[in-house]
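Dear colleague,

I am handing over the structure below, and I would be glad if you could look through it before reading my notes.

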Amino acid sequence: MADAEAICEAVSRPHMRLVPLKSVEQQSVLALHRVRQGFVRARTAQANQIRGLLGEVGLVIPRGIWRIASQIPAMLETASNDLPASFTALIERLTEHLKLLDRQVEEIHRQIIAWGRSSSLSQKLQKVPGIGPVTATALVATVGDARSFKNGRQMAAWLGLVPGQQLKWRKTKAVGHQ
């Protein structure tokens with residue numbers, strides 16, 4: 001019932017913005033971004049699981065995913081006499097899975113970068129300070145033709161960006177509160 005009311009409301013407003021259809025290419029790039037993000041989440045979860053399991057036996061790895069794969073071999077070698085072989089094998093297996101997830105993230109990241117290099121719009125966006133290839137490709141794939149917006153403020157609102165939040169942060173930083 002609520003959906004029908006919302007549709008009737010939308011039809012009664014002639015100036016209401018509709019969601020533009022995305023091309024197959026845009027959908028493909030957005031799919032790359034979603035899959036990459038899923039691998040990043042899985043990699044973070046795997047790293048946290050390894051860190052947690054090692055912490056339970058008194059082995060602590062400093063923060064940073066990149067430290068896990070590099071420090072585990074030496075850590076397991078040092079503690080091998082105190083740990084059951086099954087636990088050591090499990091940690092090695094989890095570390096290999098972490099490395100696989102890392103390779104997946106990197107491979108998809110390279111595909112996103114390559115698409116960004118082939119997109120003139122993405123190249124233009126990357127010239128804006130603070131916008132790198134991942135953000136630029138996501139914007140191009142999400143927005144499509146930015147000319148459908150009257151101005152940048154309208155596009156920012158469509159994306160869900162709220163300038164008041166940034167201004168509030170600046171005022172807080174300027175005053176010295178953190």
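I start with the pocket: α5 (120-125) and α6 (133-143) each supply at least two residues of the lining of the largest pocket. This is a predicted model, in which local features need pLDDT of at least 70 and side-chain atom pairs count only at pLDDT 80 or more, while totals for chains, interfaces and linings use all residues. Residues are numbered from 1 along each chain as its sequence is written, and side-chain values use heavy atoms, with hydrogens and water left out.

The lining of the largest pocket consists of Leu121, Lys124, Leu125, Leu139, Val140, Val143, Gly144, Asp145, Ala146, Arg147 and Met155. A pocket here is an open set of points on a 1 Å grid over the protein atoms alone, where a 1.4 Å probe fits, with protein on both sides within 12 Å along at least five of seven lines, and lining residues have an atom within 4 Å of a point. Its volume, taken as the space filled by probe spheres set on the points, is about 210 Å³. By class, the lining has seven nonpolar, one polar and three charged residues, where Asp, Glu, Lys and Arg count as charged, Ala, Val, Leu, Ile, Met, Phe, Trp, Tyr, Cys and Pro as nonpolar, and the others, Gly among them, as polar.

As for the fold, the protein chain has eight helices and zero strands, these being DSSP runs (H or I, at least four residues, for helices; E, at least two, for strands) numbered from the N terminus. Of the 178 residues of the protein chain, 24% count as buried, that is, under 20% relative accessible area with a 1.4 Å probe and protein chains only, whereas exposed means over 50% and partly exposed lies in between.

The axes of helix α3 (residues 65-79) and α4 come within 10 Å and cross at roughly 150°, axes being lines fitted to C-alpha atoms over the stretch in contact, with angles from 0 to 180 degrees between N-to-C directions. The two helices are therefore roughly antiparallel to each other, a term used for angles over 145 degrees.

Gln37, in helix α2 (residues 24-56), is partly exposed at 33%, and its C-alpha is separated by 9.9 Å from that of His109, 72 residues apart along the chain.

With best wishes

Definitions and conventions. Parallel < 35°, antiparallel > 145°, perpendicular 65-115°, else oblique.
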